[in-house]
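Open the model in a viewer and follow the selections below in order.

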Amino acid sequence: MTPISTLLRKAAKAIERLVSLQGRELGLTARQIDVLLVLNAEPGLNSAEIGKRITMGKSTTAHLTQLMITKGLIQQEKGSYKSSLRNFLTPLGKSKIKSCVSIETELEDKVSAIAVGRGTFPQKLEAIAEIGD
C-alpha cells in the first residue's frame, strides 16, 4: 500500500507536468501561468502576495516577476507605500490569459471527473497521478 502523502505528491507532480507541457506551447512555465491567473483574478498584488497565493518563497517570486516583466507579461507600478510595487498584466499578459484559463479549466474538468467517480481516495489519487501519461 502506498502512503497517502506519496500519492498526493505524485498527483501534484502529474498536474504540474501537464500544465508545464501545455504551457510550453504558450512559451510559459507552469509558475508563470500561475502568476498570470492570480494577477488576472487579483490585479495589483505585490510579489509577496503573489508568492503566498502560489506557495512560493519571496526571493523566488521576486525573480519570477522580474523575468515576467522582462518578457513583457506583467508590469509594476508604485503602490501607496514607498517600497511597495504592484503587479499588473500587460496587454501581452492579458492576451495569454484565455489560453491559461483554458488549461486550468481542462485540468479542473479532468480532476473533477476522477474525484466524483467510483473508487477509494487512494485509487482516485493514483488516477490523478496518471493524467499526464
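Start by selecting Ala12, Ile15, Glu16, Val19, Ala30, Arg31, Asp34, Glu104, Leu107, Glu108 and Val111, which line the largest pocket. On a 1 Å grid over the protein atoms alone, a pocket is an open set of points where a 1.4 Å probe fits, with protein on both sides within 12 Å along at least five of seven lines; lining residues have an atom within 4 Å of a point. The model is predicted: local features need pLDDT of at least 70 and side-chain atom pairs count only at pLDDT 80 or more, while totals for chains, interfaces and linings use all residues. Residues are numbered from 1 along each chain as its sequence is written, and side-chain values use heavy atoms, leaving out hydrogens and water.

Colour the lining by class: six residues are nonpolar, five are charged and none is polar. Helices H1 (4–24), H2 (30–41) and H5 (91–116) each supply at least two of the lining residues.

Next, select Ile33, Val35, Leu36, Leu39, Ile54 and Met68. Of the 29 residues in the largest nonpolar core, these touch the most other members. H2 gives this core its largest share, seven residues.

Stay on Leu39 and show its contacts (heavy atoms within 4.5 Å). Leaving aside residues up to four places away in sequence, Leu39 touches Gly44, Leu45, Ile50, Ile74, Asn87, Phe88 and Leu89.

Finish at Ser47, in helix H3 (residues 47–53).

Conventions: Helix = DSSP H or I, 4+ residues; strand = E, 2+ residues; numbered from the N terminus. Nonpolar A, V, L, I, M, F, W, Y, C, P; charged D, E, K, R; others polar. Core = buried A, V, L, I, M, F, W, Y, C linked by side-chain atoms within 4.5 Å. Buried < 20%, exposed > 50% of the residue type's maximum accessible area, 1.4 Å probe, protein only.
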